[in-house]
Amino acid sequence: MSHLVKPYLFLSAAVLLLVGAFLSFAPEVLYASSGQDLPAAVMIRSDLRAGGMLLLLSGLFVGAATLNPRSARPALQLSALVYLGYGLGRIASLAFDGTPDTTLVAVTGVEWLLGLAAVALLWRGLPADPKQRVQTA
């Protein structure tokens, strides 16, 4: 396993867990941190909490992969999917909704950076055979 995979997975998991926890349990705090008020609409809050829980569970999986080299490839794939999915969504929002504030622009950059880093680590290569990954770890 590349010496960069484990630190990347740790960082990816930390971000997913932090954002997922805030969206799931304290979305008002997350929005207030960027100077935004969260609308009182139940549907919006429900969607935020559901997405937050998906991020939280993804973070748990990615974090567990730091302890299990056999899970490194799926964890990198999940990280790439989540971060690039959010990044693409932000680009679509830019096209449909206009330019966001600087905080969201920075968040978009971090999402693309983390997503592309996962792709680069996958492209750089982990052995396809899980048994071989364990032997090289």
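The crossing of H1 with H4 is left-handed, meaning that the near helix is turned anticlockwise from the far one by less than a right angle.

Which residues of H1 and H4 make the contact? From H1 come Val5, Tyr8, Leu9, Ser12, Val15 and Leu16, and from H4 come Ala72, Ala75, Leu76, Ser79, Val82 and Tyr83. Contact means heavy atoms within 4.5 Å. Sorted by type, the residues of this contact are ten nonpolar, two polar and no charged. In that sorting, Ala, Val, Leu, Ile, Met, Phe, Trp, Tyr, Cys and Pro are nonpolar, Asp, Glu, Lys and Arg are charged, and the others, Gly among them, are polar.

## About the model

You are looking at a predicted model, in which local features need pLDDT of at least 70 and side-chain atom pairs count only at pLDDT 80 or more, while totals for chains, interfaces and linings use all residues. Residues are numbered from 1 along each chain as its sequence is written, and side-chain values use heavy atoms, with hydrogens and water left out.

## Salt bridges

Side chains of opposite charge can pair when their charged atoms come close. A salt bridge is counted when a side-chain nitrogen of Lys or Arg is within 4 Å of a carboxyl oxygen of Asp or Glu. How many salt bridges are there by this rule? The count comes to three.

Glu28 pairs with Arg45 at 2.4 Å, N to O. This pair joins distant parts of the chain, with Glu28 in helix H2 (residues 27-32) and Arg45 in helix H3, 17 residues apart. Glu28 also meets Arg49 in a salt bridge of 4.0 Å, N to O. Arg49 is in H3 and Glu28 in H2, so this pair ties together parts 21 residues apart in sequence. Together, Glu28, Arg45 and Arg49 form a network of salt bridges. Are these three residues buried or exposed? Arg45, at 18% relative accessibility, is buried, while Glu28 at 35% and Arg49 at 32% are partly exposed. Buried means under 20% relative accessible area, exposed over 50%, and partly exposed in between (1.4 Å probe, protein chains only).

Another salt bridge joins Glu111 and Arg90 at 2.9 Å, N to O. Glu111 sits in helix H5 (residues 102-124) and Arg90 in helix H4 (residues 72-97), 21 residues apart. Glu111 is buried at 8% relative accessibility, whereas Arg90 is partly exposed at 24%.

Ser58 belongs to helix H3 (residues 42-65) and is buried, with a relative accessible area of 6%. Setting aside neighbours within four places in sequence, Ser58 is in contact with Leu16, Leu78 and Val82.

Trp112 is in helix H5 and is partly exposed, at 25% relative accessible area. Beyond neighbours within four places in sequence, Trp112 touches Leu84, Gly87, Leu88 and Ile91. Between Trp112 and Gly98 there are 14 residues in sequence and 19 Å in space, C-alpha to C-alpha.

Conventions
Helix = DSSP H or I, 4+ residues; strand = E, 2+ residues; numbered from the N terminus.
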